[in-house]
Amino acid sequence: MKLLPLCLLFSVAAWCQNWNLLQQVPRKAAARANPMEGDDRALRAGAKLFARECSACHGVNAEGSEKAPRLRSAEVSHAPAGALFWILENGSLHHGMPSFAHLPEPQRWQIVTFLRSLHQKEE
Ligand code: HEC
């Protein structure tokens with residue numbers, strides 16, 4: 001019976017980890033490189049797309065709202081570009097994050113370029 005608390009602990013830990021979207025990205029998807037990394041024009045285009053597609057939930061400055069978490073964070077900005085791209089493709093449908101697979105791939109990479117610039121800008 002001593003094992004029971006241990007099992008509970010492990011299942012709670014597994015559940016918590018599952019809840020974080022970034023942790024759910026398959027390793028292979030996260031390894032994809034952003035063809036627009038460091039491209040200024042892509043960054044500006046990404047900022048416009050963010051205002052149009054994402055700000056209603058994540059806030060105009062990516063500061064988060066009651067609908068969606070803050071994206072202006074080290075965790076998001078330092079996440080592998082491929083992981084952010086995967087999140088845009090798949091969303092998190094059960095938790096209210098839509099899929100953006102309907103946007104052309106270049107536009108999704110532009111958004112990723114913008115997301116990865118957010119944290120540095122604040123410093
Ligand atoms: C309808 C509201 C909604 C819209 C629109 C939306 N999101 Fe989200 N987003 C969410 C919610 C809710 C979550 C949390 C999902 C979860 O925890 O599983 C989330 C999570 C995320 C995450 C993961 C954050 C983390 O710390 O794990 C990223 C990255 C993200 N969204 C980016 C975007 C981008 C970029 C756009 C625009 C292209 C966008 N979202 C549009 C609701 C939204």
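I began with the contacts in the protein between residues at least 6 apart in sequence: 70% of them join residues at least 24 apart. I took two residues as in contact if their C-beta atoms, placed from the backbone, lie within 7 Å.

I noted that this is a predicted model, in which local features need pLDDT of at least 70 and side-chain atom pairs count only at pLDDT 80 or more, whereas totals for chains, interfaces and linings use all residues. Residues are numbered from 1 along each chain as its sequence is written.

I then listed the elements, and found seven helices and zero strands. Helices (H or I, at least four residues) and strands (E, at least two) are DSSP runs, numbered from the N terminus.

I looked up burial next, and buried residues make up 21% of the 123 residues in the protein. A residue is buried if 20 or more other C-beta atoms lie within 10 Å of its own, with C-beta atoms placed from the backbone. I found α6 mostly covered, with seven of its ten residues buried: Ala81, Ala83, Leu84, Phe85, Trp86, Ile87 and Leu88. After α6 comes Gly91, with a positive phi near 65°.

Which residues come nearest to the ligand? I recorded Cys54, Cys57, Ser92, His95 and Met97, of the 25 residues around it; a residue is near if its C-beta atom, placed from the backbone, lies within 6 Å. The elements giving two or more residues to this shell are α4 (55–58), α5 (74–77), α6 (81–90) and α7 (105–122).

I divided the shell residues into 17 nonpolar, five polar and three charged. Ala, Val, Leu, Ile, Met, Phe, Trp, Tyr, Cys and Pro count as nonpolar, Asp, Glu, Lys and Arg as charged, and the others, Gly among them, as polar.

Methods
A residue is buried if 20 or more other C-beta atoms lie within 10 Å of its own, exposed if 12 or fewer, and partly exposed in between; C-beta atoms are placed from the backbone.
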